[in-house]
Amino acid sequence: MSNINGKVYAMNAITPMKPWKTWILRVFLFLLGYIKAMRADVINLSFIEFARWVVISRRGFPMLGGGQVAEDLQYDYLLFFSNFNGTWNQYIDAFSAALAKGLNLVWRWSEKFPGPVPVTLFKEYIARVQFDTDYYYTAYPHATANDLKAAHVVQGAFDGLSAQAAGLSAEQFADAYLNFVLQVQGCLGETGEAPVVF
């Protein structure tokens, strides 16, 4: 199935914008890139591995030569790329519920954007502007973003235990090991194939 690699789903969408609106969006995206507080809601959605918006000017498409005819495009384009864990419906629902204001500030400049609420109209819009991703790379396809965060916690705690282990007696090591297990028990999980969702 396209768009899915293990537990990771790739979503790509392209929406047209009138050129005079592009500059407004560019200013907002610039601010979004430099003011961390504006990105907090997206970062807090822990199932998102990657999300990015890119604006392409109607004159910014490359000419490949070889007789390619220059197009006279009427719109600039907003490209949205994201990798996430879970289903498409869960992702769009979460975006609509948790990021409605932010989504409105980004996509409101695109043609025929209905707004993120109600979610049914938003889903219909995304389905129309999304295109399939036939191939993409993910370093850990059988692990979710939360699995990776948990692995970092376990590795950090294990490194700490390893650093002190050489200087401990057997009894002290047993206590340190028990503390290690208690510290990381919530981070021990199982990776593997994602459940099939239709």
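**Figure 1. Lys 7 and Asp 147 form a salt bridge, with their closest N and O atoms 3.8 Å apart.** Here a salt bridge is a side-chain nitrogen of Lys or Arg within 4 Å of a carboxyl oxygen of Asp or Glu. Side chains of opposite charge can pair when their charged atoms come close. Please keep in mind that this is a predicted model, in which local features need pLDDT of at least 70 and side-chain atom pairs count only at pLDDT 80 or more, while totals for chains, interfaces and linings use all residues. Residues are numbered from 1 along each chain as its sequence is written, and side-chain values use heavy atoms, with hydrogens and water left out.

**Figure 2. The salt bridge of Asp 147 and Lys 7, placed in the fold.** A search of the whole structure finds 4 salt bridges. Asp 147 sits in helix H6 (residues 145–165) and Lys 7 in the loop between strand S1 (4–5) and strand S2 (8–17), so this pair ties together parts that are 140 residues apart in sequence. Helices (H or I, at least four residues) and strands (E, at least two) are DSSP runs, numbered from the N terminus.

**Figure 3. Where domain 1 meets domain 2.** The domain assignment gives domain 1 as 4–61 + 71–131 and domain 2 as 145–184; such bounds come from an automatic or database assignment. The C-alpha centres of the two domains lie 40 Å apart. In contact (heavy atoms within 4.5 Å) are 5 residues of domain 1 and 4 residues of domain 2. Between them the domains bury about 310 Å², 32% of it on carbon and sulfur atoms; buried area is the accessible area (1.4 Å probe) that two parts lose on being put together, summed over both. The count between domain 1 and domain 2 is 1 salt bridge.

**Figure 4. The aromatic pair of Trp 53 and Trp 107.** The structure holds 17 aromatic pairs, that is, rings of Phe, Tyr and Trp (its six-membered ring) with centres within 6.5 Å; planes under 30 degrees apart count as stacked, over 60 as edge-to-face and the rest as tilted. Trp 53 and Trp 107 are edge-to-face, at 5.9 Å centre to centre and 85° between the planes. Trp 53 belongs to strand S3 (residues 48–56) and Trp 107 to helix H4 (residues 100–107), so the pair ties together parts that are 54 residues apart in sequence.

Figure 5. A cis peptide bond joins Val 117 and Pro 118, with omega about 5°.
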